[in-house]
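Welcome! Below are some exercises to work through with the structure in view. Try each task before you read its solution.

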Amino acid sequence: MSFGPPPSVFTESTLAAEKRRKRRRMLVLGATTTALAVLLAGMWALSFDSTATPSGQSPAAASQAPDDIRETIERRPATPEAVNAVARRAEGVKAGQNIEATGTWATAKTFAKTLGNSITGYRISTDRQAWKLAFPGSVCAATPHVTVDGRTTVAFSSEPTRTDPSGGTMSGPCDRIAMFDIATGKRLWHVQLPEKPLVPARLTITRGKVIAAWEDGSAAYAMAGGKLLWSHTPGPACRDSGYSGGEALVRVVKCGNADNRRFRVEGTDPETGKPLWTYTVTPGVQDVRLVSSSPVVIAVAAGDLVITDLISLSDQGEFRATISVPVQTYVTKCGDGIDVTGPIETCEAVVVDERQLYVATQARDTGTVSAHGQVANEIVAFDLATGKSLRKFDAKIGRPMYPVRMSGDLLIAARESSSAHTPSAAVSIDPSSGKETLLLLFGTVGMLPFEYLDVRYEHGRIFFAATSLAGPVSKDDEGEGLWLADGFETGG
């Protein structure tokens, strides 16, 4: 796997060039996926402690009900030696096609992935298709959140995708949402939004509720049956831009126009949709994303084209601290730039616990000297109360690492290697002591850049998946399958 180290000094033009280079590399990798699959087979794994629950399941956090958002706690592996759990390639993608693959989920037994107008579930370990859930049009939005009992939600178009005169594709309005069971692929319910938004709806879930936002409104639905619970329509100057779910519910409200854009963040009562508190974002900010609803962390683009700062708030919406995360220095995965109609609940490379947040520095072409010698990059822990850096967790030479998620009090991170002779790894880090525990060793060649991957670590397994696919450049290459996803588990 190669996440692709960026240049050590960035300007806007060099950053754009680097993104174009990475996207071109994704096309090339798609054409060579068959060889890469052979190389990767059998090289990846994660094993878990013999004290794990049956079937390798990891226990949920204490006192979680079926409607709660899943917070599994992972077991320490017994051995890092590996086999493939999932290896998926997309066949039949035509030259010039761009296909969205916006959702990636895993449970104890099933890996599910969106591609175009369908979601497919695969039985982990056998890698066989278990079910396929098709929609009239493309799946245009998804939430990464999953309930304790394995349900999640997507938005889709009620109209089939059309081909435009230039040979490209055009999606219909993203006007419906559906909840489904990841284990069975059963669509539990679907509803049509009050409007027919032309841009994708933004989705999240919190306990017992599914919340959707689009450019002309927002609405909440009951997880059990899809009953409309409450809705908002935009006022003359302001509208809901999107929500962050999980343990709590927080929304971004956008006011004004492109020349005078203003934002506020509101804690929201999931039962009624009414604000519990309000934080007014400093004027001049061009975009706001929601990183975490509990503790509350937002990301802002402070007068720039990309996210520049993370801001922590109290549970009552009071300002706590600002943490500067310039794109030249840190990897946040907040997006490619200002996108006020796009996803709000982003920044997947920023991981938050009760007291700290964790974000990785950009990888360097040459090792930077630290107290422990040369390092490829670091994961930096920042105090949510003060904004000060508390600790740095050094990556090894040539093997930069990135935070994935919390597992109880431990941070799970992925460490990559660009060498076929040196394995990459998944590790857990104790933030209080800095102690690192090996969870996984895996192959290194052929993975897409970290910024363009969905990364899921669940039930003792790690999964990497594309978020979109670009078809081959020419029709001569249409027979080659495009890389879609890989997952790895213990071979012991």
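A residue counts as buried when its relative accessible area is under 20%, as exposed when it is over 50%, and as partly exposed in between (1.4 Å probe, protein chains only). Helices (H or I, at least four residues) and strands (E, at least two) are DSSP runs, numbered from the N terminus.

The model is predicted, and local features need pLDDT of at least 70, side-chain atom pairs count only at pLDDT 80 or more, while totals for chains, interfaces and linings use all residues. Residues are numbered from 1 along each chain as its sequence is written, and side-chain values use heavy atoms, with hydrogens and water left out.

**Exercise 1. Get an overview of the protein.**

Step 1: Look at the secondary structure. The protein has 2 helices and 40 strands.

Step 2: Turn to burial. The protein has 492 residues, and 55% of them count as buried.

Step 3: Consider contacts (heavy atoms within 4.5 Å). Taking contacts with a separation of 6 or more, 53% are between residues 24 or more positions apart.

**Exercise 2. Characterise two aromatic pairs.**

Step 1: Set the rule. Rings of Phe, Tyr and Trp (its six-membered ring) pair if their centres lie within 6.5 Å; planes under 30 degrees apart count as stacked, over 60 as edge-to-face and the rest as tilted. By this rule there are 8 aromatic pairs.

Step 2: Take Phe135 and Phe156. Their ring centres are 4.6 Å apart and their planes stand at 40°, so the pair is tilted. Phe135 is in the loop between strand S7 (128-134) and strand S8 (139-142), and Phe156 is in strand S9 (residues 151-156), so that the pair links parts of the chain 21 residues apart. Phe135 is buried at a relative accessible area of 4%, and Phe156 is buried at 1%.

Step 3: Move on to Trp189 and Tyr221. This aromatic pair is tilted too, with 6.5 Å centre to centre and 40° between the planes. Because Trp189 lies in strand S13 (residues 187-192) and Tyr221 in strand S16 (residues 217-222), the pair ties together parts 32 residues apart in sequence. Trp189 is buried, with a relative accessible area of 7%, and Tyr221 is buried, with 4%.

**Exercise 3. Compare the disulfides.**

Step 1: Count them. A disulfide is a pair of cysteine sulfur atoms within 2.5 Å, and the count comes to 3.

Step 2: Examine Cys140 and Cys174. Their sulfur atoms are 2.0 Å apart, and the torsion about the S-S bond is about 90°, so this disulfide is right-handed. Both cysteines are buried.

Step 3: Examine Cys238 and Cys255. The sulfur atoms are 2.0 Å apart, and a torsion of about 110° about the S-S bond makes the disulfide right-handed. Cys238 is partly exposed at 21% relative accessibility, whereas Cys255 is buried at 6%.

Step 4: Examine Cys334 and Cys347. They are joined S to S at 2.0 Å, the torsion about the S-S bond is about 115°, so the disulfide is right-handed, and both residues are buried.

Step 5: Read off the pattern. With bonded cysteines counted along the chain, it is 1-2, 3-4, 5-6.
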